[in-house]
Amino acid sequence: MKSFFLQLAFVSILCSCADSSGEVLKPGEKKYFDLKAYFDGETQRLELFDHVKKIAIVDGVKEEHLQDSINFDQELKVFSNADINRPAWSDKYSIDSVFNERKELVQLVYENIDNDLRTKKISIDFEGGNVSRIQIENTSNSAIADTRQLLTYLPKTGYTIESKQKVTLSEDNVFVVEVKF
């Protein structure tokens, strides 16, 4: 009897890793672009920068600072947290791939099919096989507030985090952080 339950559990695990096309993902295999691994690598690369310019705009008021050090692991966590590589989400995003005339990948676009998920869209542009831009759209809705977040990462120049929040019985809030390498 115990063996039966172990076999049932094993089959359940295999089935939970399959996408809608019947493809079975192997343990550790990613169906979508691995944002977490990408930004872990970028964190290490960016630690070499001596200083960065950080601009913050809160409800139209702008502050600009030149910083000698910045915790990129913490700063880029908002990007890596948008990673959609979870077995339960393997069939929750449509995938669109764009190739150039030389059959090189120039863009990947993931759009959610399930409106309950926070990450709505991820667009990744490539040049010469390397990431040239990542744009992520996140939303969250509650009885109190609706939030829209647009994240843009340009590996050669910097990144922008733009958040717009509509709060019930209050004014809308807009918050923008821009970091230039």
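Two strands count as paired if DSSP finds at least two bridges between them, and strands themselves are DSSP runs of E of at least two residues, numbered from the N terminus. With that in hand, let us walk through this predicted model, in which local features need pLDDT of at least 70 and side-chain atom pairs count only at pLDDT 80 or more, while totals for chains, interfaces and linings use all residues. Residues are numbered from 1 along each chain as its sequence is written, and side-chain values use heavy atoms, leaving out hydrogens and water.

Start with strand β8 (residues 158–167), which has a partner in β9 (residues 173–180): eight bridges join the two, and they run antiparallel. Here Lys 164 sits opposite Val 174 of β9. Five residues lie between β8 and β9 in their hairpin, and in that turn Leu 169 has a positive phi of about 60 degrees.

β8 also pairs with β7 (residues 145–154), again antiparallel, through 10 bridges. Across this pairing, Gln 149 faces Ser 163 in β8, and a hairpin of three residues connects β7 to β8.

Now move to Thr 119, found in strand β5 (residues 119–127). Thr 119 is buried (under 20% relative accessible area, with a 1.4 Å probe and protein chains only), at 6%. Its side chain makes a polar contact of 2.9 Å with that of Asn 138; such a contact is a pair of N or O atoms within 3.5 Å, where within protein one must be able to donate a hydrogen and the other to accept it, and residues adjacent in sequence count only if both atoms are side-chain atoms.

Finally, a word on confidence: pLDDT, the predictor's confidence in each residue from 0 to 100, has a mean of 87 for the protein.

Methods. Helix = DSSP H or I, 4+ residues; strand = E, 2+ residues; numbered from the N terminus. Buried < 20%, exposed > 50% of the residue type's maximum accessible area, 1.4 Å probe, protein only.
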